[in-house]
Amino acid sequence: MEFEIIGYIRHPETFARGSGIRELPRLRKIHGQGLWRKRKGFATVRLQDGTLREAEIHWYEASGIGKREFKIKRYIDIQP
């Protein structure tokens, strides 16, 4: 699903790092060596159809490489 993050990611939190990340070999192969962390936070996102939703998003991040592979884990607003 394609989406755009609008504004800032609120309440970012690391919940896995290093060998605690199951996808670590794939991340290193695609994006390079780094101190990888799996993070989560909350943001307003614009979906492909133009609707704005509040969502919990997850991504991988490494210093020197940046944030990669964002995904929406769940929506936290009530869709009218």
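Among contacts in the chain between residues at least 6 apart in sequence, what percentage join residues at least 24 apart? The share is 52%, where contact means heavy atoms within 4.5 Å. The structure is a predicted model, in which local features need pLDDT of at least 70, side-chain atom pairs count only at pLDDT 80 or more, and totals for chains, interfaces and linings use all residues. Residues are numbered from 1 along each chain as its sequence is written, and side-chain values use heavy atoms, with hydrogens and water left out.

The chain holds 1 helix and 4 strands, and its pattern along the sequence reads β-α-β-β-β. Helices (H or I, at least four residues) and strands (E, at least two) are DSSP runs, numbered from the N terminus. Along the principal axes, the C-alpha atoms fill a box of roughly 40 × 20 × 20 Å.

The 4 strands build an open sheet in the order β1-β2-β3-β4, with antiparallel pairing; two strands count as paired if DSSP finds at least two bridges between them. Because β1 (3-17) and β4 (66-75) each have a single partner strand, they stand at the edges, and one side of each is left without a neighbour in the sheet. From one strand to the next, the twist averages 30°. Inside this arrangement, β2 (residues 37-47) and β3 (residues 52-62) pair in the antiparallel sense over 10 bridges. One of the residues to look at here is R46, whose bridge partner in β3 is L52. Helix α1 (residues 24-31) lies across β3 and β4 and runs at about 135° to β4; axes are lines fitted to C-alpha atoms, for helices over the stretch in contact, and angles run from 0 to 180 degrees between N-to-C directions.

H11, in strand β1, is not a glycine, yet its phi is positive, near 55°. H11 is exposed, with a relative accessible area of 60%. E69, found in strand β4, likewise is not a glycine and has a positive phi of about 60°. E69 is partly exposed, at a relative accessible area of 30%. Here buried means under 20% relative accessible area, exposed over 50%, and partly exposed in between (1.4 Å probe, protein chains only).

Of the 80 residues in the chain, 31% are buried. The chain exposes about 5500 Å², and carbon and sulfur atoms supply 51% of it.

Definitions and conventions:
Accessible areas come from the Shrake-Rupley method with a 1.4 Å probe; for residues, only the protein chains shown count as cover.
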